[in-house]
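Hello,

Here is the structure I promised to hand over. My notes on its packing follow below.

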Amino acid sequence: MKIFFGTDGWRALEGSQINENSVATIAQAFSDYLLENKRNAVVAIGYDSRKNSDTFAQVFAQVLTKNKIKVYLSDRIIPTPVLSYTVLQLGCDAGVMITASHNPKEYNGIKFKSSYGGPFSTEETKKVEALLFQSEVHQSTDLITLHDFTETYINHIERLIDFNQIKEADLHLLIDSMGGAGQRLTEQILKKHGIAATTLFAEPTTNFYGRSPEPIEKNLEPLSQELKAGHYSFGVATDGDADRVGVCLDSGAWLSAQHTILLLVDYLKHTKRIPGGIVKTSSVSDKMRLLFENDSTPVYEVQVGFKYICDIMVQHEIAFGGEESGGFGYGMHIPERDGIFSSLLLLEMLSSSPYKKLSEYFQEKQKTLGLIYYDRIDLKYDQPDKNELLPHLSQNPPQTIGELNIVGIQHFLSSRGIVNGIKFLLGPCQWLLIRSSETENIIRFYVEGQSNEEVKRLLLCGREILDI
């Protein structure tokens, strides 16, 4: 069987592709990589709520220990950011998370974490991939220590969030954990400080209660309906491994990730006065540059994938790094997406204002920040030429898109050096980005424009360009 790592580790169909044998094979390659670079290595391992995630975590741990690598294995289902913080806090050489993140229930996967608590770089991942099937696999339980990772994470969060301010504001947060690894963790943290919080779908399940565990508008109807029926300040949803967050206003209306990013960066830079730059993926609104870039706040743009944000966060002083899929990281925290921390920071943001409802806060902020006109289409495409479409387009680009001239083109490469993303720049806050997913049979089209009508037109143009 062939194993190829994508933007963030490996994701594959559970059973037919990812199973105890393939997990053990990857664990052996990971062991070989660590032992080439470090003696007496220590690794932390966590897992989500998916089918066999706990088993795969145990298998991974057993292979590492047979290679004389000490393992701290989580004693329960945990979010990915909890694992990432634990790697940093315990001084581990690396971390492993068994999860397929926001992918559907049929998938599972493996994420690698570096010693600084962020994703493995492309270079590190390539080295592990090169060692696959090079060594015989053996297993042992000699150096496995079961460990509670959540307590130190909560202690860390409590030093960063102003819970007294939130309590005084008398806010009530509604949380949708989507049956994933977030469970009741956000609620637990808030109630510890006497803050009202209610969680939907808190119990972890392998099928995520029949939904895809991605916190985007089409998957959050239960959250929206409960917000409309109850009295909440706003609602949040976290994905399968709780490293991403989606937001709904108290009215039940979806607040896009683009607008969520705008509010968070405004709060971090203008209210909390957090020093450092901003990192955004190419799919995030150009308003980041127009509104926030100055001599003390550089704005860096990277290709889609949080590991590229992380690369900048470990090299420079960064206040915020974000992607339009709901993955947000903070320099004051860890160079990693964290849906739990983001939820709490949004609550702190609202508590710093005179408003009790996020809809009121958002309406007021629109006066200075304006609106973002943006949309994205995920088109299922399982033809054999999927990975050839964008390389061909890069060699044969159009001169115009719709009625707009192309003023610049950015090309992005996959971990194997193949063009898997092209961004056509059309003007201020006007662009079309086309990406071929490395982990799913999907072609994604992203557009920012000057109106909703223009966005719709440009999305149609994107499909016409590829003729699909």
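The largest nonpolar core has 71 residues, and Tyr-153, Phe-163, Phe-234 and Phe-320 have the most contacts inside it. Helix 12 (residues 339–351) gives the most to this core: eight residues. Apart from it lies another core, of 37 residues, among them Ile-3, Ala-41, Ala-61 and Ile-110.

The terms: a nonpolar core is a set of buried Ala, Val, Leu, Ile, Met, Phe, Trp, Tyr and Cys residues joined through side-chain atoms within 4.5 Å. Buried means under 20% relative accessible area (1.4 Å probe, protein chains only). Helices are DSSP runs of H or I, at least four residues, and strands are runs of E, at least two, numbered from the N terminus.

This is a predicted model: local features need pLDDT of at least 70, side-chain atom pairs count only at pLDDT 80 or more, and totals for chains, interfaces and linings use all residues. Residues are numbered from 1 along each chain as its sequence is written, and side-chain values use heavy atoms, without hydrogens and water.

Next, helix 7 (residues 185–192). Leu-185, Thr-186, Glu-187, Ile-189 and Leu-190 are buried there. The buried residues of helix 7 pack against several elements, including helix 3 (80–89), helix 5 (150–158) and helix 12 (contact: heavy atoms within 4.5 Å). Gly-194 follows helix 7, with a positive phi near 75°.

Last, helix 1 (residues 20–37) and helix 2 (residues 53–66). Their crossing is right-handed (the near helix is turned clockwise from the far one by less than a right angle). Val-23 and Phe-30 of helix 1 are among the contact residues, as are Phe-56 and Leu-64 of helix 2.

Best wishes

Definitions and conventions: Buried means under 20% relative accessible area, exposed over 50%, partly exposed in between (1.4 Å probe, protein chains only).
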